[in-house]
Amino acid sequence: MYRREFLKLSALMGSAGLLPGLLGGCSAPPLPGSGEVATRRTVCNICFWQCAATLYTENGKPWKVVGNPKDPHCNGRLCTRGTGGIASYSDPDRLRQPVIRVSRNGKQTFQPVTWEEAFDTIAGKMRAIAREHGRDRIALFSHGDGGKHFQRLLQAYGSHAYAHPSFAQCRGPRETAFGLTFGEGVGSPDRTDMANSRCIVLIGSHIGENLHNSQVQTLMQALDQGATLITVDPRFSVPASKSRHWLPIKPGTDTALLLAWMNVLINEQLYDRTYVEQHCSGFDELARHVQPYNPEWAYLETGLEPALIRETARAMAQAAPATLIHPGRHVTWYGDDTQRCRAIAILNALLGSWGRPGGFYQQEKVDLPPYPAPEPPGPERDWKAIVQGDYPLVSTGISNVLIDHSVGPGAFFKGWFIYATNLITTIPGIRSQLKQAAESLDLIVVVDTMPAEITGYADVVLPECTYLERYDDLRNKAERTPTLALRSPGFSPRFESKPAWWIAKTLAGHLDLEEYFPWQDYREVLDWQLRQVGSSLAEMEHVGVKAFPRKTPVYFEPGKTVRFNTPSGRIELYSQHLAGTGHDPLPKYTPPERPPDGFFHLNYGRAAAHTFGRTINNPLLFELMPENTVWVHPSAAAILRVGNGEYVRLKNPEGTHSNRIRVRITQRIRPDSVFLVHGFGHTDPRQRLAYGAGADDAGLMHNIKIDPVMGGTGMRASFVTLVREDA
Ligand SMILES: Nc1nc2c(c(=O)[nH]1)N[C@H]1C(S)=C(S)[C@@H](COP(=O)(O)OP(=O)(O)OC[C@H]3O[C@@H](n4cnc5c(=O)[nH]c(N)nc54)[C@H](O)[C@@H]3O)O[C@H]1N2
Ligand SMILES: Nc1nc2c(c(=O)[nH]1)N[C@H]1C(S)=C(S)[C@@H](COP(=O)(O)OP(=O)(O)OC[C@H]3O[C@@H](n4cnc5c(=O)[nH]c(N)nc54)[C@H](O)[C@@H]3O)O[C@H]1N2
Ligand code: SF4
Ligand SMILES: [Mo]
């Protein structure tokens with residue numbers, strides 16, 4: 001154990017002089033397409049919607065990437081980010097070769113090394129940890145496809161602890177809540193049947209700014225078909241602008257509104273009685289529970305007129321069961337998130353939309369067997385207590401719990417692998433803990449494509465090639481039409497970068513674990529798997545996407561009994577699991593804290609041009625949106641004496657300041673809140689475009705609310721004020 005200094009860039013790794021033409025090899029020919037054009041099938045990796053696409057190269061250089069018309073995730077159209085994704089290949093700031101942390105003249109620096117040297121370093125440290133503490137002391141944090149290879153490697157080694165920030169910092173509360181209610185989660189792609197909805201209710205889902213491709217398309221399709229859109233959002237979001245009703249709710253009070261809607265549906269007998277009798281349990285308890293929560297009560301909490309609450313409840317009932325109360329996606333907000341998501345699930349059950357057209361369809365994936373290889377041995381100890389902590393109702397690791405177990409000399413974990421997740425900006429409130437963990441861990445390995453901030457904590461940084469330069473596992477998601485999609489490389493990896501499958505397999509060789517990776521090339525794995533389902537790698541290289549017939553119905557069959565995977569076998573309006581673990585079995589409303597004088601709710605979200613922090617340095621996407629702005633209501637701007645376009649800093653009640661950020665004065669935000677797009681404010685100068693551009697929301701979050709049911713990181717309870725640059 002030694003004290004790890006946070007490393008930015010050693011001159012050794014610098015790429016000074018490499019900037020000319022930000023698009024490097026991408027300078028456009030006079031007439032695009034007049035050279036030698038080649039195409040390759042790929043799957044976009046700029047976000048996790050995973051649209052299948054075709055990469056066009058011209059004279060071996062990147063030209064364009066377009067959607068595959070056969071793919072239900074995109075129907076031939078990529079979003080802004082997917083189209084701009086091509087520039088991730090030629091980004092001159094990419095990681096180029098493996099580096100290890102060394103001490104030179106008492107100062108730490110990163111030294112470029114060969115892959116062999118990097119693997120020797122990692123294997124040596126892993127063996128030392130195993131000798132001193134045990135083989136199960138390495139934790140994996142990952143987001144995205146390649147993480148599976150490292151999961152396999154670490155399981156083969158004896159470490160079974162892993163977590164994805166797409167759970168405890170994103171979808172965890174809704175997956176937990178829907179699991180408790182219906183016995184199944186929502187999954188990804190979200191099983192929403194919007195194309196057939198006649199009424200859609202969005203609760204802080206800003207679809208259209210949140211650009212999950214086919215989801216945006218089906219929302220637009222529903223609107224074209226005359227569906228009623230109701231948007232609940234303290235901000236006049238893009239979907240709010242297309243809505244019949246915009247409900248500018250007081251931040252954090254959604255559960256009050258949801259309870260009032262239930263109160264109206266039940267008291268006015270507007271719920272789907274037949275569906276509830278056939279499928280649900282706990283209706284009487286629910287009906288009693290919601291009695292105090294009428295629209296007049298909710299008005300005082302939410303600021304929404306009782307008449308509007310009644311009118312929207314009736315609109316939902318009128319369109320039911322083709323009414324979708326959208327479950328949201330990034331739902332770790334105020335800490336009471338599982339309760340809010342349960343209220344959403346219950347409302348859908350009252351409207352009879354789960355398993356029905358226009359509500360939620362049933363998912364199916366292709367039955368694709370794994371490549372024959374030895375199963376890694378099971379864990380030696382019950383690791384659930386370690387990765388899930390005090391949250392027995394969840395079925396996966398919780399990133400912040402793994403971090404809790406990594407802090408201090410007596411901590412359980414002694415090593416980390418971090419694959420494709422920039423933990424510093426992803427898990428707010430964790431910065432000081434990260435520093436402590438970095439001091440007490442014996443090994444931190446980061447696998448990334450870019451010099452993200454988290455690489456500054458690493459002992460070893462391994463450069464992965466981009467998605468345009470590699471094969472990955474076949475896309476096989478539980479969805480409406482079971483499909484497989486292939487990601488195949490259009491280029492050889494630039495510099496010394498390598499694909500995740502190769503990195504994990506070769507490192508396995510250094511740990512005497514080759515038997516778990518019995519292939520030379522990942523094409524063998526893909527071809528073998530495809531042949532088991534009547535296709536082949538050659539066919540998929542040609543078509544890119546292949547649909548398979550469904551074996552189960554898309555919706556519940558009328559009149560048929562359905563057995564739900566809950567303790568009662570029914571849809572649980574009253575949750576037995578929650579009751580059994582000491583939580584509220586019916587959704588409970590917790591009023592949020594209000595900002596101190598002079599402060600505002602810190603609201604954040606997505607923008608069309610970027611995915612989190614991972615695209616800010618992408619030259620094409622940077623050009624579209626080079627910085628974020630802070631949205632401020634005119635009345636607040638007048639009090640703060642800030643002008644439109646002026647640079648300010650955001651400050652939280654603990655005195656933490658952000659980078660400078662421009663003010664955008666707009667009526668589209670409530671006077672008690674400010675809004676900024678997440679992902680900006682990078683602090684590592686190696687990302688030369690992104691460095692210092694705009695402000696980072698995560699660094700300002702001071703009031704983190706941990707969800708007592710599933711352990712997620714509630715991020716919306718923080719406050720900021722604006723400080724003028726000349727103040
Ligand atoms: N403050 C705040 N925190 C949030 C959110 C928020 O809105 N605000 N959103 C939350 C949500 S919804 C989510 S899902 C998570 C997302 O969290 P993350 O996925 O951690 O988000 P990014 O910041 O994009 O970090 C991704 C990292 O992966 C690297 N990367 C990109 N492509 C590849 C690749 O092909 N291979 C490898 N090896 N690395 C790659 C990027 O360079 C970057 O360093 O964050 C959550 N945290
Ligand atoms: N372009 C783009 N699209 C993306 C992503 C991306 O990075 N870029 N990321 C993808 C990922 S991983 C996810 S999880 C999703 C996230 O996207 P969503 O799940 O749609 O959205 P959130 O980021 O949770 O929510 C943002 C909205 O919630 C509103 N809001 C804030 N506070 C409250 C409140 O108290 N009540 C209510 N009702 N609303 C509130 C904000 O004003 C904003 O409009 O987006 C996905 N799509
Ligand atoms: S939604 Fe956009 S960024 Fe996400 S996978 Fe599809 S094209 Fe790529
Ligand atoms: Mo997410």
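A backbone N or O atom of Gly252 sits 2.8 Å from an oxygen atom of ligand 2, which makes a polar contact (a pair of N or O atoms within 3.5 Å; within protein, one must be able to donate a hydrogen and the other to accept it, and residues adjacent in sequence count only if both atoms are side-chain atoms). This is a predicted model, where local features need pLDDT of at least 70, side-chain atom pairs count only at pLDDT 80 or more, and totals for chains, interfaces and linings use all residues. Residues are numbered from 1 along each chain as its sequence is written, chains are lettered from A and ligands numbered from 1 in the order in which they are written, and side-chain values use heavy atoms, with hydrogens and water left out.

**Ligand 2**

- On its own, ligand 2 has 920 Å² of accessible area, and the protein covers 98% of that (Shrake-Rupley method, 1.4 Å probe; for residues, only the protein chains shown count as cover).
- Around ligand 2 there are 31 residues, with Asp233, Gly252, Asp254, His330 and His610 the closest; a residue is near if one of its heavy atoms lies within 4 Å.
- That shell splits into 13 nonpolar, 10 polar and eight charged residues, where Ala, Val, Leu, Ile, Met, Phe, Trp, Tyr, Cys and Pro count as nonpolar, Asp, Glu, Lys and Arg as charged, and the others, Gly among them, as polar.
- Domain 1 (183-363 + 555-580) and domain 2 (600-724) each put at least three residues into the shell around ligand 2; the bounds come from an automatic or database domain assignment.

**Ligand 1**

- Here the shell has 29 residues, and His143, Thr421, Thr426, Asp448 and Glu464 come nearest.
- The side chain of His143 has an N or O atom 2.5 Å from an oxygen atom of ligand 1, while a polar side-chain atom of Asn45 lies 3.2 Å from an oxygen atom of ligand 1.
- Val447 uses its backbone instead, with a polar atom 3.2 Å from a nitrogen atom of ligand 1.
- Of the 930 Å² of accessible area that ligand 1 has on its own, the protein covers 96%.
- α5 (165-182), α16 (423-426) and β14 (443-448) are the elements that give two or more residues to this shell; helices (H or I, at least four residues) and strands (E, at least two) are DSSP runs, numbered from the N terminus.
- Sorted by class, the shell around ligand 1 holds 12 nonpolar, 11 polar and six charged residues.

**Cavities**

- There are six cavities of 30 Å³ or more; on a 1 Å grid over the protein atoms alone, a cavity is a set of points where a 1.4 Å probe fits but cannot get out, and lining residues have an atom within 4 Å of a point.
- The largest cavity has about 220 Å³ of space, with grid points joined across faces, edges and corners and volume taken as the space filled by probe spheres set on the points.
- Its lining has 22 residues, and Asp233, Pro234, Trp333, Asn603 and Arg716 are closest to the centre.
- Because domain 1 (183-363 + 555-580) and domain 2 (600-724) both give residues to that lining, the largest cavity lies between them.
- β19 gives the most to the lining of the largest cavity, five residues.
- The second largest cavity holds about 80 Å³ of space; 13 residues line it, with Cys44, Cys47, Cys51, Cys79 and Gly82 nearest its centre.

Methods: On a 1 Å grid over the protein atoms alone, a cavity is a set of points where a 1.4 Å probe fits but cannot get out, and a pocket is an open set with protein on both sides within 12 Å along at least five of seven lines; lining residues have an atom within 4 Å of a point.
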